[in-house]
Amino acid sequence: LIRVAPASSSLDPRIARETKQVRTITIAALNVVLPAPHKPSRYVDLWSAASSVRDPVKLRGDTGGFIGSARHVDAGSRGDRFEGDFYKFINIDTAGKWLDLRTGRAVDKDAVDRQVRIPENLRPNLRMLPYAFFPRSHRLVFVSHLDLKSSLSPGMARSLVEQCLQREDLVERFGKAEVTVEPDRETLRKIFSLPRLKTLRIEVSPPNALADVERRLFQSMDAKNADRLVQEYESRRPEGLRPTEDLKELAEVAQSNGVVSAKGVGDE
């Protein structure tokens, strides 16, 4: 997560007043991984197809959403990207009970049917959160918190994107897309700074390699015809595990392309 806020500095009163009105914006990222082959063109086609569907997915309770818009931008040698907004809104259950605030009683369904007319194609309480999707690196960066009313947690964003990309027709065409939340970069530092690291589990699912260490690892896995790498370490010694540099490199890869979990004992 990245939080963007106004810097605190000595400003003249007019600028200071304007600066106080600037919001703190939280930015988060998702990693979208398709089964091989990991060609950017497949991610372009996947996102184009998914963003054209207007069928809401359920996020939580009566909250629904989908990929509201997608504009394909050609950035030349830097690769292309999609820019758009996630839409989040309320799915009203018109068949549910209604309350009359004047009487404090439930309203008869016939009375609701006579007074309430909500078109089937309209949804209230729309919130729009900007995103950018980069097919070459298959990373999606989005605004998680814009203001008190407009927010989309990383977990809810993952659910939204996963459901949109795992529609039956898209899975048949592209395979099942796996969506994970990019973790805070402090996570590994905290794990490896534990005085006594007792267990460490690393899972890697290769997409296209972005760095030399990833490229070497994924080439090795491909040579073995392996789709997933799992390593588990456990220590019963008083001092715990002693992670080597190559293990830390592997954890760096897994942090964005799999799962890293650990158990340890901190300072007492």
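Analyst: One term to start with: a residue is buried under 20% relative accessible area, exposed over 50%, and partly exposed in between. Keep in mind that this is a predicted model.

User: Which residue does Arg158 form a salt bridge with, and how far apart are the closest N and O atoms?

Analyst: Look along helix 4, which covers residues 154–165. Arg158 and Glu162 sit 4 residues apart there, so about one helical turn separates them. The salt bridge partner of Arg158 is Glu162, and the closest N and O atoms are 2.8 Å apart.

User: How many salt bridges does the structure hold?

Analyst: Some of them share partners: Arg71, Arg81 and Glu83 are joined into one network that way. Another one pairs Arg102 with Asp100, with 3.6 Å between the closest N and O atoms. For the structure, the count is 8.

User: How many residues apart in sequence are Arg139 and Glu182?

Analyst: The side chains of these two meet in a salt bridge, 2.8 Å from N to O. Arg139 counts as buried at 13% relative accessibility, and Glu182 is buried with a relative accessible area of 13%. Arg139 belongs to strand 10 (residues 139–145), while Glu182 is in the loop between strand 11 (178–181) and helix 6 (186–192). The pair therefore ties together parts of the chain whose separation in sequence is 43 residues.

User: On to the rings: how many aromatic pairs are there?

Analyst: A pair of aromatic rings is described by the distance of the centres and the angle of the planes. Rings count as a pair if their centres lie within 6.5 Å. By that rule, the number of aromatic pairs is 6.

User: What kind of pair do Phe66 and Phe89 make?

Analyst: Their ring centres are 5.6 Å apart, and the planes meet at 65 degrees. Planes over 60 degrees apart have a name of their own, so this pair is edge-to-face.

User: Where do Phe66 and Phe89 lie?

Analyst: Both are tucked away: Phe66 is buried with a relative accessible area of 9%, and Phe89 counts as buried at 5%. They are 23 residues apart in sequence, so the pair ties together separate parts of the chain. Phe66 is in strand 4 (residues 63–67) and Phe89 in strand 6 (residues 81–90).

User: Which residues do ring pairs link into a cluster?

Analyst: Start with Phe86 and Tyr131, a stacked pair with 4.8 Å between centres and 20 degrees between planes. Phe86 is in strand 6 and Tyr131 in strand 9 (residues 127–134), 45 residues apart, and both residues are buried. The cluster is made of Trp47, Phe86, Tyr131, Phe133 and Phe142.

User: What is phi of Asn125, roughly?

Analyst: Asn125 is in the loop between helix 3 (109–115) and strand 9, and it is partly exposed at 42% relative accessible area. Its phi is positive even though the residue is other than glycine, with a value near 60 degrees.

User: And what is the relative accessibility of His138?

Analyst: His138 lies in the loop between strand 9 and strand 10. It has a positive phi of about 45 degrees although it is not a glycine. His138 counts as buried, with a relative accessibility of 0%.

Definitions and conventions:
Residues are numbered from 1 along each chain as its sequence is written. This is a predicted model: local features need pLDDT of at least 70, side-chain atom pairs count only at pLDDT 80 or more; totals for chains, interfaces and linings use all residues. Side-chain values use heavy atoms; hydrogens and water are left out. Rings of Phe, Tyr and Trp (its six-membered ring) pair if their centres lie within 6.5 Å; planes under 30 degrees apart count as stacked, over 60 as edge-to-face and the rest as tilted. Helices (H or I, at least four residues) and strands (E, at least two) are DSSP runs, numbered from the N terminus. Buried means under 20% relative accessible area, exposed over 50%, partly exposed in between (1.4 Å probe, protein chains only). A salt bridge is a side-chain nitrogen of Lys or Arg within 4 Å of a carboxyl oxygen of Asp or Glu.
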